[in-house]
Amino acid sequence: MIYLDNHATTPCDRRVVDQMLPWMTEFFGNPHSTSHECGRRAAAAIETALAVIAQSIGVPADSVLITSGATESNNLAIDGVFRHPRQKRRHLITTAIEHPSVLDVASRLEKDGFRVTRLAVHPAGHAQAGQVDLDAFAAAVDDDTALVSVHWANNEIGVIQPMPQIAAIAHSCGALLHSDATQAVGRIDVNLGQVDVDLLSASAHKFYGPKGVGMLTVAGGTTRRRVRIKPLIVGGGQQRNLRSGTMAPANVVGCAAALQVATTEAAETETTVAGLRDRLWTGLAGGIDGLVINGPPLASAERLSGNLNCMLPAIEGEAWMAACPDVAFSSGSACSSVDALPSHVLTGLGRSESEARRSVRFGIGKFNSQAEIDQAIEQLVRGYAKLSP
Ligand SMILES: Cc1ncc(COP(=O)(O)O)c(C=O)c1O
């Protein structure tokens, strides 16, 4: 199997697994049972790991909450802000192309009487295709806006949002800013010492760490604005009463180790995956007439370097995938491909339902090789030829 679906998940780096293992076997203590050495050792490992995570994204260590992943982080950030008993403002601004773990929370808030604005993004063909329309955003934000939630980078078309400008507009009316940075952290520079984001979500399995662990930074932006959130999960009062439940030392250690490796090797990884992604595009475009890129141009600095999303001239993405069983790629976001609806990200770009169904996403990762890309091109072009009229 040639795995080209690294936006859905990435394989756990061996070096990360090696660092995790002792915390499941030898050092199995409960980090919250600090009356004995077993627990204290686990607690110390978590503290060290939190410091590494915090340093990698430029926030104070006490602003990092560990969660089960970005879905939980997004839920906690958005629901948490609006459902806090002292929250007076009732307006949420987000975009039409967020991950469902943001959009579904927004819809539920709307049903409960909160006001939600879903900003459009610049359409296909525009120089900033996929980026938030900043004029429309500036017109939408008001004194009732409690929170703006805009993802840092998109999981389908790889577009990177202009976060510093978004932060300035959000804060101009006293709103807080949350960013779902799940596709950005570990891939591009995400440093809250430089960009004023009040809440930030990420997930370790997107940067070669384990599944089932993520983070939410709270009040980590440059201004360290006061952020009040109501917890989703209550119980033992762990993590400052904001996220109860026993923390998993192996997962937290793995998350930190993966982030450290990803940050250290970021430049090298970026060059490798950009080269492979361009090779894949050149090969596919050479073998399939009329293939069109969705989202920003591949050379754009506003696109994740491993991302390729393209639209076939005929043939649905699902059929192409079925014709190429040895290549793992996706016909939309893996997180939402349980339903058969056309991608809301592509329709948000102005693509029709039929165009969205003819689109596929490739995510190149650091473990892909040139030989794999060449084999994938051969299989994909052959598969397409078999199907095309
Ligand atoms: C942008 C984005 N947000 C959130 C998520 C959900 O992450 P998790 O799998 O950690 O819940 C994903 C997963 O694909 C994602 O791409």
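Predicted model: local features only at pLDDT ≥ 70, side-chain atom pairs only at ≥ 80, totals over all residues.
Residues are numbered from 1 along each chain as its sequence is written, and side-chain values use heavy atoms, with hydrogens and water left out.

Helices (H or I, at least four residues) and strands (E, at least two) are DSSP runs, numbered from the N terminus, and two strands pair if DSSP finds at least two bridges between them. β5 also pairs with strand β6 (residues 176-180), again in the parallel sense, over three bridges. Here valine 148 stands opposite leucine 177 in β6.

Is strand β5 buried or exposed? Five of the five residues of β5 (residues 145-149) are buried, so the strand is largely enclosed by the rest of the structure. Buried means under 20% relative accessible area, exposed over 50%, and partly exposed in between, with a 1.4 Å probe and protein chains only.

Follow the chain onward, and β5, helix α6 (residues 163-172) and β6 make a right-handed β-α-β unit. Right-handed means that, with the strands pointing away from the viewer, the path from the first strand over the helix to the second runs clockwise.

Now turn to aspartate 79, which lies in helix α3 (residues 70-82). Aspartate 79 counts as buried because its relative accessibility is 6%. Leaving aside neighbours within four places in sequence, aspartate 79 is in contact (heavy atoms within 4.5 Å) with Val105, Arg108, Leu109 and Leu232.

A search of the whole structure finds one cavity of 30 Å³ or more, and the largest cavity holds about 250 Å³ of space. On a 1 Å grid over the protein atoms alone, a cavity is a set of points where a 1.4 Å probe fits but cannot get out, and lining residues have an atom within 4 Å of a point. Grid points are joined across faces, edges and corners, and a volume is the space filled by probe spheres set on the points. The lining has 23 residues, of which Gly186, Arg187, Tyr208, Thr269 and Val273 lie nearest the centre. The elements giving two or more residues to this lining are α7 (249-264) and α8 (266-287), and α8 gives the most, with four residues.

Note on methods: 1 Å grid on protein atoms, 1.4 Å probe; cavity = no way out; pocket = protein on both sides within 12 Å on 5 of 7 lines; lining within 4 Å.
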